[in-house]
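Hello,

Here is the model I promised to pass on. Please open it alongside this note, which goes through what turned up.

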Amino acid sequence: MNAFDITAGGIAFIGFGEAAEAFATGWGHDAVENLRAYDPKCDDPEAAALPRERAARSGVSLAADRVSALSGARAVFCLVTADRAVEAATQAAEFLTPGTFWLDGNSCSPGAKRRACDIVEAAGARYVDVAIMAPVYPKLHHTPLLIAGPHAAEAESFLSALDMRAKLAGDAVGDASSIKMIRSVMIKGMEALTAECLLAARRAGVEERVLASLQASNPGIDWPVQAAYNLERMMVHGRRRAAEMREVAATLAELDLPNGLALATADWQQRIGDLALPALENDLSVRADMILSAL
């Protein structure tokens, strides 16, 4: 990819976690100049080590505060936790340069995105609803994105120049996030169902028979492999997924629909994520035993 001319301010990240590191790594040290980030974790000495390591690996300058990160930035990727999107917009708004893209890639409800949009637009910046539609590894900056809102078409050109894979999802803020949130009912819900079903089967001593029955009913799925993967997602990312599922529950409430399954999914994701277990061995029985011994 040729260097993209962002000499008029550069690109900033608010929140420098897995997604931000993946994007910056995909662009490469020499492909995009003047990358900087602010991560609220850096305000806590104990939590600061991880974002500092991520920034060092990906060639991003980690700023000491929001002002330094945002000053003159041409585009800002907001990639905090799902429950902090509106707060992040509120804290950053006064430091945004008019016309800056605020690319909100947080996994939150359409209502939260609209509230963040009002804050950003009042500051003169251009809000874009961004939904990250797949794990950022291994695709990095080629991870598929959906974007929506009145500035989405302009943002698509900007993201294309960064060799990113963004598709328009609609003209209204919330069009992209609605797709991601509603899809997560199924994707994260299947993970929670895996945990509830197969942990119970393992503890009851009927795991093999349950798996055989599932395989017979749905032969297109390799159940032991898929189940091991689903547990790994919860073990490694359960806390983040729980926060997202609470936003999914909010999305369903905004649609005046029951959200009990989404809330139950959030509970399972949180329970397993809070165990902070390493998902080292790619084996269903090993992972199930680790979780069962820690619950």
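A cut-off comes first: a residue is called buried when its relative accessible area is under 20%, exposed when that value is over 50%, and partly exposed in between. By that rule, the buried residues of α1 are A19, A20, E21, A22, F23, A24, G26 and W27. Please keep in mind that this is a predicted model.

What do they pack against? The buried residues of α1 meet β1, β2, α2 (49–58), β4, β6 and β7.

Now the core. The largest nonpolar core counts 33 residues. Within it, I11, F13, F23, W27, F77 and L103 have the most contacts. At least two core residues come from each of these elements: β1 (11–14), α1 (18–27), β2 (35–38), β4 (75–78), β5 (101–104), β6 (126–132), β7 (144–148) and α6 (152–161). Which element gives the largest share? That is α1, with 6 residues. F23 and W27 are on the list of residues with the most contacts in the core, and both are among the buried residues of α1. As a general background point, nonpolar side chains in soluble globular proteins tend to be buried together.

**Two helix pairs**

Take α7 and α10 first. Helix α7 covers residues 175–204 and helix α10 covers residues 260–274. They pack at an angle of about 65°, and their axes are 9 Å apart. The pair therefore counts as roughly perpendicular. The crossing of α7 past α10 is left-handed. On the α7 side, the contact uses K188, G189, E191, A192, A195, E196 and L199. On the α10 side, T265, W268, Q269 and I272 take part. By class, this contact has 5 nonpolar, 3 polar and 3 charged residues.

The second pair is α5 and α9. Helix α5 (residues 110–122) packs on α9 at about 90°, with the axes 8 Å apart. These two helices are therefore also roughly perpendicular to each other. From α5, the contact draws on P110, G111, A112 and R114. From α9, E247, T251 and E254 make the contact. The residues here divide into 2 nonpolar, 2 polar and 3 charged.

**A glutamate in α9**

Is E232 buried or exposed? Its relative accessibility is 15%, so E232 counts as buried. Leaving aside residues up to four places away in sequence, E232 touches H237, A279 and R287.

**Backbone points to check**

In general, most residues other than glycine have a negative phi, and most peptide bonds are trans. Several places here are worth a look with that in mind.

- The peptide bond from Y137 to P138 is cis, with omega near 15°. P138 belongs to the loop between β6 and β7.
- L140 is not a glycine, yet has a positive phi of about 55°. L140 also has its place in the loop between β6 and β7.
- A276 is not a glycine either, and its phi is positive, at about 50°. A276 lies in the loop between α10 and α11 (284–294). With a relative accessible area of 54%, A276 is exposed.

**Loop positions and distances**

D283 is another residue of the loop between α10 and α11. At 30% relative accessibility, D283 counts as partly exposed.

G72 is found in the loop between α3 (66–70) and β4. Its relative accessible area is 30%, so G72 is partly exposed.

Over to you.

Best wishes

Technical notes: Residues numbered from 1 in each chain as written. Predicted model: local features only at pLDDT ≥ 70, side-chain atom pairs only at ≥ 80, totals over all residues. Heavy atoms only, no water. Core = buried A, V, L, I, M, F, W, Y, C linked by side-chain atoms within 4.5 Å. Buried < 20%, exposed > 50% of the residue type's maximum accessible area, 1.4 Å probe, protein only. Helix = DSSP H or I, 4+ residues; strand = E, 2+ residues; numbered from the N terminus. Axes fitted to C-alpha atoms, helices over the stretch in contact; angles between N-to-C directions. Parallel < 35°, antiparallel > 145°, perpendicular 65-115°, else oblique. Left-handed = near helix turned anticlockwise from the far one by under 90°. Contact = heavy atoms within 4.5 Å. Nonpolar A, V, L, I, M, F, W, Y, C, P; charged D, E, K, R; others polar.
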